[in-house]
Amino acid sequence: MSVETIPLTAANLTAVGERVPVPGYDRDAVTAGVVHFGVGGFHRAHQAMYLDRLLEEDFEAAREYGICGVGVLPGDARMRDALAAQDRLYTLVLKHPDGRLEPRVVGSMVEYLFAPDDPEAVVEKLADPGTRIVSLTVTEGGYNLDDITGQFVTGTPAVAADAAAGADAGRLSTVFGFVVEALVRRRERGLDPFTIMSCDNLQGNGHLAKTAFAAFAALRDPALGEWVGENVRFPNSMVDRITPATTPADVDLVAREFGIADAWPVVCEPFTQWALEDAFAAGRPPLERVGVQVVPDVEPYELMKLRLLNASHQGLAYFGRLLDHELVDAAATDPALAPFVRAYMDAEATPTLAPVPGVDLEEYKDTLMERFGNPHVRDTTARLAAESSDRIPKWLVPVARANLEAGRDVHRAAAIVASWARYAEGVDEHGEPITVVDRRQDRVLAAARRQLGEDPLAFLRDRELFGDLAENEEFTTAYRRALDDLHRDGARATLERLL
Ligand SMILES: NC(=O)c1ccc[n+]([C@@H]2O[C@H](COP(=O)([O-])OP(=O)(O)OC[C@H]3O[C@@H](n4cnc5c(N)ncnc54)[C@H](O)[C@@H]3O)[C@@H](O)[C@H]2O)c1
Ligand SMILES: O=P(O)(O)OC[C@@H](O)[C@@H](O)[C@H](O)[C@H](O)CO
């Protein structure tokens, strides 16, 4: 028997609350002290969920830390419209491995601004005395840093245009332009700067954010760059919760299972973790009360997560697709791929890690394999294989480099890079096209094709992605062998040999 769906809005919350848990706190009394750039699936499954939990458990401590989401890209108009129609409420559905669904309506986002509609409003929101934290999930590429030099890339057209626009807010379009102009206005008005909190999957995400924002500010005025570097705090963090892109099937599921009409719910795994450096200038919510690990040094947590989880995701992505797996759980339980990924974790990633306080790495890896294998999350190998050129250099290449320096084995990391090169040829093992989604798509595809001709290491020669790995004989031998095997025998036989 189907029940009539209730549109998710603030006015309907009592009725919705008879079907799923909803905020029990007074959302009208929540003010937005956190401005978040990059309101996608992950932010809504993670930071917004923790703040919602805190609002529920300790309203007085949290009420000034509601969220104002900001979208700066044209594609964010969809999020603007979806959230506007439902008073910034959305349903978060945890998908347990046994099939159980755990829904909750999250209420911590109380404002949303679409920057192209009114750029000045974004700057003024940031400059508002009530804004204490500016958080970011703008993807790995969003920091605009050169992978080799680590320097901010000043020549990107949007960045150059924002630097030239300066205080003319109407012409701003990047996160750098908005945030730096707001910092200038705060300084002029005698207000303390806010804290900039990166929640992207980057090692030293706070340090990298500092490099990027200080360098952008220096483009406007070198003294301003120094001031940002010296006066703004940038906590590092490790964030974790596997959150696939929402599909139309998820929208249907929320309507069918819970009777809620939600244009853009979020689905994710039940696991969640956030290790956060306690480095806030203008106050912070007591997130430790809702399970966040507030620690003095985040680096061991970051390295553990990026090298075991995210780099293993790269191991699952290309081999998985070449084995015809659309879904990550199928890739992660494939009898040829699962032991390969686990062997990469054990033999190559783990030796590069320092002990992590309170974590048993063997248990952590067991849990990862279980998380990858959760059949209900329905994460896709296509999601994991997108933007490879932002991911492989940041997560996997550092593992290979550390092992080469220590004289340890690198053949599994080399094989994962080879699987990316094979994938980037754009054709699968049945001759069907593979759609490569990457901001450096042209370059990557061209290198993969060149490699099929006269130069077998053409793909690896991109120094921006791989540094000098193409000159390392141990790495190139393993890489060429894996690639030759992939071409001659296919992914399954290659994985079997690698074991
Ligand atoms: N999805 C996950 O499982 C997960 C888990 C941990 C961390 N993360 C981090 O969160 C990031 C976003 O993941 P998601 O799943 O929410 O993706 P998503 O595609 O759902 O959302 C990304 C958001 O970032 C915005 N964005 C992208 N590039 C930008 C730029 N250059 N400037 C400003 N905004 C930009 C987009 O407009 C969108 O709003 C990841 O790149 C990763 O660093 C994701
Ligand atoms: O989202 P990205 O681009 O950083 O990377 C893809 C996945 O590896 C990532 O989203 C993981 O699912 C996530 O990091 C789990 O916490």
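This is a predicted model: local features need pLDDT of at least 70, side-chain atom pairs count only at pLDDT 80 or more; totals for chains, interfaces and linings use all residues.

User: What volume does the largest cavity have?

Analyst: Rolling a probe the size of a water molecule over the atoms shows where empty space is left. In this structure there are five cavities of 30 Å³ or more. For the largest cavity, the volume comes to about 70 Å³.

User: Let's turn to the pockets. How much space lies in the second largest pocket?

Analyst: A pocket is an open set of points, while a cavity is a place where the probe fits but cannot get out. The space in the second largest pocket is about 430 Å³.

User: Which residues are the closest to its centre?

Analyst: The second largest pocket is lined by 19 residues. They divide into nine nonpolar, five polar and five charged. Closest to the centre of this pocket are Asp147, Gln203, Pro393, Lys394 and Pro398.

User: Why does the second largest pocket lie between domain 1 and domain 2?

Analyst: Look at where the lining residues come from. Domain 1 covers 6-295 and domain 2 covers 299-498. The pocket lies between them because its lining takes residues from both domain 1 and domain 2.

User: What does UniProt say about the chain, and how much helix and strand is there over residues 33-288?

Analyst: An unreviewed UniProt entry places the feature "domain: Mannitol dehydrogenase N-terminal" at residues 33-288. The end C-alpha atoms of that stretch are 18 Å apart. Over residues 33-288 the chain is 38% helix and 20% strand.

User: And how much helix and strand is there over residues 297-485?

Analyst: The UniProt annotation "domain: Mannitol dehydrogenase C-terminal", also from an unreviewed entry, covers residues 297-485. Here the end C-alpha atoms are 42 Å apart. The chain over residues 297-485 is 62% helix and 0% strand.

User: Now the strands. Which way do the residues of strand 7 point?

Analyst: In a regular strand the side chains alternate between the two faces of the sheet. Strand 7 (133-136) has four residues that are all buried. Ile133 and Ser135 point one way, and Val134 and Leu136 point the other way.

User: Is leucine 136 buried or exposed?

Analyst: Leucine 136 is found in strand 7. Buried means under 20% relative accessible area. At 0% relative accessibility, leucine 136 therefore counts as buried.

User: What is the bridge partner of phenylalanine 37 in strand 7?

Analyst: Strand 2 (residues 32-37) pairs with strand 7 in the parallel sense over four bridges. Across this pairing, the partner of phenylalanine 37 is leucine 136.

User: And what is the bridge partner of serine 135 in strand 8?

Analyst: Strand 7 and strand 8 (residues 195-198) also pair in the parallel sense, over four bridges. The partner of serine 135 there is methionine 197.

User: Which residue of strand 12 does valine 239 stand opposite?

Analyst: Strand 9 (residues 237-240) is joined to strand 12 (residues 273-277) by four bridges, and these two run antiparallel. Valine 239 and Ser237 point one way from strand 9, and Met238 and Asp240 the other way. Standing opposite valine 239 is tryptophan 274.

User: One last thing: is threonine 139 buried or partly exposed?

Analyst: Threonine 139 is in the loop between strand 7 and helix 7 (157-165). Although threonine 139 is not a glycine, its phi is positive, at about 75°. Its relative accessibility is 47%, so threonine 139 counts as partly exposed.

Terms used
Residues are numbered from 1 along each chain as its sequence is written. Chains are lettered from A and ligands numbered from 1 in the order in which they are written. Side-chain values use heavy atoms; hydrogens and water are left out. On a 1 Å grid over the protein atoms alone, a cavity is a set of points where a 1.4 Å probe fits but cannot get out, and a pocket is an open set with protein on both sides within 12 Å along at least five of seven lines; lining residues have an atom within 4 Å of a point. Grid points are joined across faces, edges and corners, and a volume is the space filled by probe spheres set on the points. Ala, Val, Leu, Ile, Met, Phe, Trp, Tyr, Cys and Pro count as nonpolar, Asp, Glu, Lys and Arg as charged, and the others, Gly among them, as polar. Domain bounds come from an automatic or database domain assignment. Buried means under 20% relative accessible area, exposed over 50%, partly exposed in between (1.4 Å probe, protein chains only). Two strands pair if DSSP finds at least two bridges between them. UniProt positions are given in the numbering used here, feature names are shortened, and annotations may be inferred rather than shown by experiment.
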